[in-house]
Amino acid sequence: MEPQPVAVLHATERREASAAPREATAVAVLTALAALAPFLLGFLSVAPNRLLSPRLVPLPVTTATTLCLGLFLVACLAVMLLARRAPLLNWAEAAAALALCSLVAVIGLAAREALQGASPVARAAPAAGLWVAMLLLALAAGCCAAGRSGTPRNFMALSVLGLAVLWAAGALADLSLAREAMARGGEIRLAFWQHLALAGGALFLALAVALPLSLLALRRSRVEALLMAVANGFQVIPSIALFGLLMGPLAALAAWAPALRGWGIGGIGPAPAVLGISTYLLLPLASAFLAGLRVASPAVIDAARGQGLTEGAILRQLRLPLGLGVMAGGVRVAAVQAIGLATLAALIGGGGLGALVFQGIGQLATDLILLGVLPVVALSLLADGGCAALQAALERRR
Amino acid sequence: MIRFEGVSRRYGEQVAVDRVTLEVPRGSICVLLGESGSGKSTLMRMVNRLVEPSAGRVLVDGRDVAGAEPEALRRGIGYVIQSVGLFPHWRVGDNIATVPRLLGWDAARVARRVDVLLDLVGLDAALFRDRFPHELSGGQAQRVGLARALAADPPLLLMDEPFSALDPGTRRGLQSALREIHAETGKTILFVTHDVEEALTLADTLAVLDQGRLVAQGSSASLLQEAEKGPVRRIFGKESLAFHRLATLPASSLARPEDARQDLPMLPADASLKQALMLMLAEGSACLAIPAEGAFPGGTLHWADLVAPR
């Protein structure tokens, strides 16, 4: 009777393989809602100019929009069906990206139709239903990725690729967001590079402070207590308040040594912003560095000392290589935080993408706000993904 | 080889080691025995300057270690610890090669040495050289730890409870491996343990520490003879003192010079009285035959002689 359990085992395995993944129901519900949302909440809204409130308009029916709408609905159905098989979750994600791109194509083509014969300053923008549908599709793709314990990389890559193709083909040129971007191309590029400089500068400054202090704290517990107290303390100060607090001392410094003004140091501008942001990065960096430097266990360190390794060799050959993954994790958190915080630099004249956001808020111009926010989101995702890949590579090397 | 001269170590009010004077002869295994907190590890760590004495001095080969550069001193002394401390991101071969590489040996010589050492500690070089520490069992890891300590052929080994974290079978295996390696290489070994059995198995000389003070030293046999009172009696366990004593006496010393009967269980001539007692219990026999060997003419060991007062 020995072989019987083996047969039973095979049977259960087969049943498990063919069973729908746990996430299938969630994906189905999210995708169904995504398919319904534009019909319930509207596809397109048109405003007489960029500052007036837009009003919902019915979707213009042409062969092209109908075809794309059909593709959208078929892709949604494909997502629901593909998500029922675990090995096909990858394809479900790809189908979600296809649904998203075809929906955007619908709206791009519809915008062109809606604006034909209208005033040149009239604007056509996606309505609420479209935004909701895109969000729900992203969530569905996230569920698919969770079903195979991964990140929705396929969805993101294919969506970005699809949107880029649509952009290059000129299908999106008549959307309000695209018109705004065209009108402000130079301004956006400048803000983007300023933003990168602010975040990068703050990250670099925080690294330059946190790394030596962490090394010192490793030897002296009093330095560690002080470092962590200061780093924690900064976190409770609201960032705007900190920028404000820095204005006084930096303005005084610039007044005392006017040469510093040439370097951009003063009460307002990028200097207090970079300084302020970097203080918030101290906590994630210092705690990750300290944890990383302690990945090498006391036993390993004792054995190393007992064999005659110098303290420098222990740092280079044990503490750093063993802790690199953990330390990269801290840099990852800090980088994402820096990109987010740099948005606030605009409030004290530091520039960056935040300048577009606050200008848009002032003008009640949603498109302008989005033009500031979308690059920040993209930068954050890029920094997070890049650091995650680096971290994984470092940890695999161990 | 090693001389501790009036060595003390204080941590604030706490006295970890209190005026210890001890000599470890070249080529011997000296076991520092004591309960946890008795200062035995602290005393040992003064030899390679992982701990500096508050008073007194430590001489290795007649030279005060305080005058030596710590890293150079440590590279010349093997060091084995309970938690092994292999570098987790280095392969076994690289771990063993640590000190030879620090000393600037060329690659071919290092590679040859690694294979010789793996063989010496009873591991197949081809099989283990390229493994990572997490792929080793506890016993294998400590064998690698021992190979690493022997890598640059230091005349002196410091071993801090090296086998305490291992299960009893593995521990006995490593103890006999260490005895064999000692017989083969003639290293001077300073061995710290809290395990009385282990101390008696390994020690040429025993030094018993209690609350930082050296309370007894000498051969296992002489220590057990005199251990009628005080901390030594407590550390050895007063219930099992007589039993431990049997382990230090050769069975042949109590054998009657009569011809051994053929049907008796046989005991090797170099066995201890403890092994004799074990064999009697195992075989259910009150007499054991001991065959002739070397100067010993052969004889019979009787239960009555074993339990007679000495």
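Two residues are in contact if their C-beta atoms, placed from the backbone, lie within 7 Å. The exercises below concern a predicted model.

**Exercise 1. The domains of chain A**

Find the domains of chain A and state how many residues of domain 1 of chain A are in contact with domain 2 of chain A.

Solution. 
- Step 1: The domain assignment divides chain A into domain 1, residues 3-176, and domain 2, residues 185-397.
- Step 2: Between the C-alpha centres of domain 1 of chain A and domain 2 of chain A there are 36 Å.
- Step 3: On the side of domain 1 of chain A, four residues are in contact with four residues of domain 2 of chain A.
- Step 4: Sorted by class, the side of domain 1 of chain A that touches domain 2 of chain A has two nonpolar residues, one polar and one charged.

**Exercise 2. The sheet in chain A**

Work out the strand order of the three-stranded open sheet of chain A, and name its edge strands.

Solution. 
- Step 1: The order is 2-1-3, and the pairing is antiparallel.
- Step 2: Strand 2 (55-57) and strand 3 (123-126) of chain A each pair on one side only, and these are the edge strands.
- Step 3: From one strand to the next, the twist averages 40 degrees.
- Step 4: Strand 1 of chain A is joined to strand 2 of chain A by three bridges, in the antiparallel sense. Leu44(A) has Val57(A) in strand 2 of chain A as its bridge partner.
- Step 5: Strand 1 (residues 44-47) of chain A also runs antiparallel to strand 3 of chain A, with four bridges joining them. Here Ser45(A) is placed opposite Ala125(A) of strand 3 of chain A.
- Step 6: Across strand 1, strand 2 and strand 3 of chain A lies helix 4 (residues 89-115) of chain A, at about 35 degrees to strand 1 of chain A.

**Exercise 3. Two helix pairs in chain A**

Describe how helix 8 of chain A packs with helix 11 of chain A, and then how helix 8 of chain A packs with helix 9 of chain A.

Solution. 
- Step 1: Two packed helices are described by the angle between their axes and the distance between the axes.
- Step 2: For helix 8 (residues 185-219) of chain A and helix 11 (residues 270-293) of chain A, the angle is about 40 degrees and the axes are 6 Å apart. Helix 8 of chain A is therefore oblique to helix 11 of chain A.
- Step 3: The crossing of helix 8 of chain A past helix 11 of chain A is right-handed. Their contact has 23 nonpolar residues, three polar and no charged ones.
- Step 4: Helix 8 of chain A packs with helix 9 (residues 221-235) of chain A at about 135 degrees, the axes being 6 Å apart. Angles over 145 degrees count as roughly antiparallel, so this pair too is described as oblique.
- Step 5: Helix 8 of chain A contributes Leu213(A), Leu216(A) and Ala217(A) to the contact, and helix 9 of chain A contributes Val223(A), Glu224(A) and Leu227(A). By class, the contact of helix 8 of chain A with helix 9 of chain A has five nonpolar residues, no polar ones and one charged.

**Exercise 4. Domains and strands of chain B**

Solution. 
- Step 1: Two bridges pair strand 4 (residues 55-60) of chain B with strand 5 of chain B, in the antiparallel sense. Leu59(B) is opposite Asp64(B) of strand 5 of chain B.
- Step 2: Strand 9 (residues 205-210) and strand 10 (residues 213-218) of chain B are antiparallel, paired over five bridges. Val208(B) is opposite Ala216(B) of strand 10 of chain B.

**Exercise 5. Where the chains meet**

Identify which element of chain B supplies the largest share of the side that touches chain A.

Solution. 
- Step 1: Contacts link 17 residues of chain B with 13 residues of chain A.
- Step 2: At least two residues each come from helix 2 (70-75), strand 6 (77-81) and helix 4 (98-102) of chain B.
- Step 3: The largest share, four residues, belongs to helix 2 of chain B.
- Step 4: The side of chain B that touches chain A consists of nine nonpolar, five polar and three charged residues.

Definitions and conventions:
Residues numbered from 1 in each chain as written. Chains lettered and ligands numbered in written order. Predicted model: local features only at pLDDT ≥ 70, side-chain atom pairs only at ≥ 80, totals over all residues. Pairing = 2+ DSSP bridges. Axes fitted to C-alpha atoms, helices over the stretch in contact; angles between N-to-C directions. Parallel < 35°, antiparallel > 145°, perpendicular 65-115°, else oblique. Left-handed = near helix turned anticlockwise from the far one by under 90°. Nonpolar A, V, L, I, M, F, W, Y, C, P; charged D, E, K, R; others polar. Domains from an automatic or database assignment.
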